[in-house]
Amino acid sequence: PRLTFLDISGNQIGCAGMRAFAASSFFPMLSSLFVSSNEIGFAAMEALAGSPFFPKLTSLGVSGNQIGCAGLQALAASSFFPKLSSLDVSSNDIEFAAVEALAASSFFP
């Protein structure tokens with residue numbers, strides 16, 4: 001699997017689809033993942049944040065979902081994205097405290 005860029009935005013994969021994707025080891029080279037407007041909530045973001053299968057991910061776009069503060073905080077607490085340098089969480093009803101958690105995370109220097 002040489003795929004490095006995947007945009008599945010606007011496909012309504014939902015939380016179950018995102019959890020299944022997060023549990024998949026089929027995309028070890030993926031560096032950019034965009035799943036905007038897919039009805040993804042906290043549980044799906046928590047599954048992605050806990051997935052060891054995307055070590056090369058540098059860009060993640062989850063705008064227009066419902067990850068909320070808890071979803072961003074799960075990402076902030078994750079050590080599985082050492083190369084992540086671009087993150088779009090716009091339109092997710094996120095409060096300042098979650099942004100502070102991301103900024104304070106030792107995993108995102």
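Me: Against which elements do the buried residues of α1 pack?

Reply: They pack against β1 (5-7), β2 (32-34) and α2 (42-49), where contact means heavy atoms within 4.5 Å. The model is a predicted one, in which local features need pLDDT of at least 70, side-chain atom pairs count only at pLDDT 80 or more, and totals for chains, interfaces and linings use all residues. Residues are numbered from 1 along each chain as its sequence is written, and side-chain values use heavy atoms, with hydrogens and water left out. Helices (H or I, at least four residues) and strands (E, at least two) are DSSP runs, numbered from the N terminus.

Me: Which residues of α1 are buried, and what makes them one face of the helix?

Reply: In α1 (residues 14-22), the buried residues are Gly 14, Met 18, Phe 21 and Ala 22. Buried means under 20% relative accessible area, exposed over 50%, and partly exposed in between (1.4 Å probe, protein chains only). Seen down the axis of α1, the buried residues fall within an arc of 105°, so they line one face; the arc is that of the directions from the helix axis to the C-beta atoms. Ala 16 and Ala 20, on the other side of α1, are exposed.

Me: Why is Asn 65 called buried?

Reply: Its relative accessibility is 5%, and the limit for buried is under 20%; Asn 65 therefore counts as buried. Asn 65 is placed in the loop between β3 (59-61) and α3 (68-76).

Me: What does the side chain of Asn 65 reach at 2.8 Å?

Reply: It reaches the backbone nitrogen of Asn 38.

Me: Why is Glu 39 called partly exposed?

Reply: Glu 39 has 46% relative accessibility and therefore counts as partly exposed. Glu 39 belongs to the loop between β2 and α2, and its phi is near 60°, a positive value in a residue other than glycine. Most residues other than glycine have a negative phi.

Me: Where is Ser 37 found?

Reply: Ser 37 is in the loop between β2 and α2. Its relative accessible area is 42%, so Ser 37 is partly exposed.

How values were computed
A polar contact is a pair of N or O atoms within 3.5 Å; within protein, one must be able to donate a hydrogen and the other to accept it, and residues adjacent in sequence count only if both atoms are side-chain atoms.
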